[in-house]
Amino acid sequence: MNSQRHRRGQVAEVFRHRFHDRPTLWCRAPGRVDLMGSHTDYNLGYVLTLPIGCDTWIAARPRTDRSVRLYTMNLGAESGFSLDRIAPDSQQRWNNYVRGVAQVLQADGFKLTGFDGVIHSTVPLSSGLSSSAALECVTATVFEALGGWKLDSVRKAVLCQRAENQFVGVNCGVLDQYTSCAGQEGCALLLDCRDLSSRPVKLAPGIGVVICDMRSKRELAGSEYGRRRADCKEGARRLGVKALREISPAEFYRRAGELPSGVAKRCQFIIEESERVLDLAAALQHFDRAAIRRLTAESFDGARDLYEISVPAMQTMVQAMMQAPGAMGARQAGAGFGGCMVAFVEEAQVKNFAAAVREAYFTSIRIKPEIYPVAAAAGAGTIT
Ligand code: GLA
C-alpha cells in the first residue's frame with residue numbers, strides 16, 4: 001500500500017514538472033504470465049494465464065484540443081501527436097502502442113479526447129511479460145474514461161490486439177491483451193481463444209507462482225514467431241481445418257503421417273499443449289503435485305524438442321528451478337527464446353526457492369536473474 005502511495009507521489013511529481021498541473025485521472029493495466037499454453041492462442045486453443053502485479057500506469061489530464069502528449073518515466077522520453085492525423089513515430093517506438101490504440105478506437109467510431117499523460121510501468125520491458133499489451137490496454141482505459149463510454153473487456157482486448165497487429169506491425173495473438181483487460185484479482189484465467197470466453201481458476205492455497213527472468217537476450221523472438229505461425233497454418237491447411245484447435249490429439253496421431261516432419265512436430269506440440277492447459281488447470285485447483293510436475297516437464301520438453309523455441313539459458317534455468325527447494329514444476333513463459341520462465345513452488349518455500357535459483361543460475365551462466373513471486377492482479381481499470 002505504502003509503495004503504491006509512494007509510486008503515485010512520484011508520478012504526480014513528474015506530471016507537475018512536465019505539465020505544470022495535477023493529473024485528474026489514473027489508470028492501470030497489468031502484465032501477464034502464461035501458466036500453460038505456449039503459442040496456442042493463434043491456433044485458437046486454450047491458455048491458462050495470470051495477470052500479474054507488475055503493471056503500467058497512466059496519470060492523465062484531459063486537454064481541450066485534439067493532442068495527446070505523453071512522457072514515459074521508464075525511458076525518460078516524450079512524444080506527442082494529434083488525434084486528427086495519426087502516423088507512426090519512427091523515433092519513439094513506444095509511442096506507437098498508444099497511437100495504434102487511438103487509431104483503432106477512432107476507426108471503430110469511438111470519440112476520443114486529447115490528454116497529457118505520464119506513463120510509469122513496473123512491467124519489465126522486453127522480458128516476455130507483455131509490457132506492450134499493458135501499455136495498449138491502459139491507453140484504451142484512459143480514452144474510455146475520458147470519453148465517457150465503456151468497452152467490455154473482451155472487445156477492448158481485441159481492439160488493442162488489432163492496434164498491435166495493424167499499427168505496430170506485430171502479428172501477435174490475443175493472449176496478452178485479453179489477460180491485461182479481463183484479469184480478475186486472485187484468479188488465473190482459463191481462456192478459450194476460439195470463442196474468446198474465459199473462466200476464473202483459483203489456484204489451491206499454498207501454491208506460489210514465481211517468475212524467473214533469465215535476463216538473456218531475446219534476438220530471434222520476432223522472426224521465429226512468424227515462422228512458427230506459418231508452420232501451424234500449413235499444418236492446419238494440410239489437415240483440412242481452419243485452426244489446429246479443431247484436431248484432437250487422437251486424430252492428430254492417426255494423421256500425422258500426412259504432414260512433412262517439421263510441420264508435424266509443430267502441430268504435435270500445439271495440440272498436446274492445448275490439452276495440457278485443461279489438465280494443469282485441474283491440477284492447480286486440486287494441488288496435484290505429480291500432475292503439476294509432469295505437465296510442466298512435458299511442456300518444457302515439447303517447447304525445446306518439437307516447437308524449438310528454447311535457448312541454452314532456458315535449459316540452465318529449468319534445472320536451477322527444479323533443483324531449488326519447494327519446486328513443483330517449471331516451464332517456459334511467453335513466446336520463448338529466453339525472457340522469463342515460470343515455476344510453481346510450495347508457498348512456504350518461495351524465499352528459499354528464489355535464493356537457490358539466483359545462486360545456481362548465476363554460478364552456471366554468470367548472469368544475475370530477476371526472480372519475482374507473483375499473485376493474480378485485477379485487469380485494466382481506473383485507480384481510485
Ligand atoms: C507472445 C504473443 C502472444 C502469444 C505468446 C506465445 O506473447 O504476443 O499472442 O502468442 O507469445 O504463447
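Me: On what basis are residues numbered and features of the model reported?
Reply: Residues are numbered from 1 along each chain as its sequence is written, and side-chain values use heavy atoms, with hydrogens and water left out. Because this is a predicted model, local features need pLDDT of at least 70 and side-chain atom pairs count only at pLDDT 80 or more, while totals for chains, interfaces and linings use all residues.

Me: Which residues surround the ligand?
Reply: A residue is near a molecule if one of its heavy atoms lies within 4 Å of it. By that rule, the residues around the ligand are Arg32, Gly37, Ser38, His39, Asp41, Tyr42, Cys172, Gly173, Asp176, Tyr225, Gly334 and Ala335.

Me: How far is a polar backbone atom of Gly173 from an oxygen atom of the ligand?
Reply: A polar contact is a pair of N or O atoms within 3.5 Å; within protein, one must be able to donate a hydrogen and the other to accept it, and residues adjacent in sequence count only if both atoms are side-chain atoms. Asp41 has a polar side-chain atom 2.6 Å from a ligand oxygen atom, and Asp176 also has a polar side-chain atom 2.6 Å from a ligand oxygen atom. For the backbone of Gly173, the distance is 2.8 Å.

Me: What percentage of the ligand's exposed area does the protein bury?
Reply: Accessible areas come from the Shrake-Rupley method with a 1.4 Å probe. Taken alone, the ligand exposes 300 Å². The part of this that the protein buries is 92%.

Me: Is Gly37 buried or exposed?
Reply: Gly37 belongs to the loop between strand S1 (25–36) and strand S2 (46–62); strands are DSSP runs of E of at least two residues, and helices are runs of H or I of at least four, numbered from the N terminus. Buried means under 20% relative accessible area, exposed over 50%, and partly exposed in between (1.4 Å probe, protein chains only). Because its relative accessible area is 3%, Gly37 is buried.

Me: What distance separates the C-alpha atoms of Gly37 and Glu273?
Reply: Contact means heavy atoms within 4.5 Å. Leaving aside neighbours within four places in sequence, Gly37 is in contact with Tyr46, Val47, Glu273, Val277 and Arg331. Gly37 and Glu273 are 236 residues apart along the chain, and their C-alpha atoms are separated by 5.7 Å.

Me: Why does Arg276 count as buried?
Reply: Arg276 lies in helix H8 (residues 261–285). Beyond four places in sequence, Arg276 touches Met36, Phe269, Leu295, Glu298 and Ser299. Arg276 counts as buried because its relative accessibility is 6%.

Me: Which helix holds Ser180?
Reply: Ser180 counts as buried because its relative accessibility is 1%. Its contacts, not counting residues up to four places away in sequence, include Ala133, Cys137 and Gly379. The C-alpha atoms of Ser180 and Ala133, 47 residues apart along the chain, are separated by 6.9 Å. Ser180 is found in helix H5.

Me: Which residues does Asp231 touch, not counting residues up to four places away in sequence?
Reply: Asp231 lies in helix H6 (residues 221–239). At 18% relative accessibility, Asp231 counts as buried. With residues up to four places away left out, Asp231 touches Val263 and Arg266.
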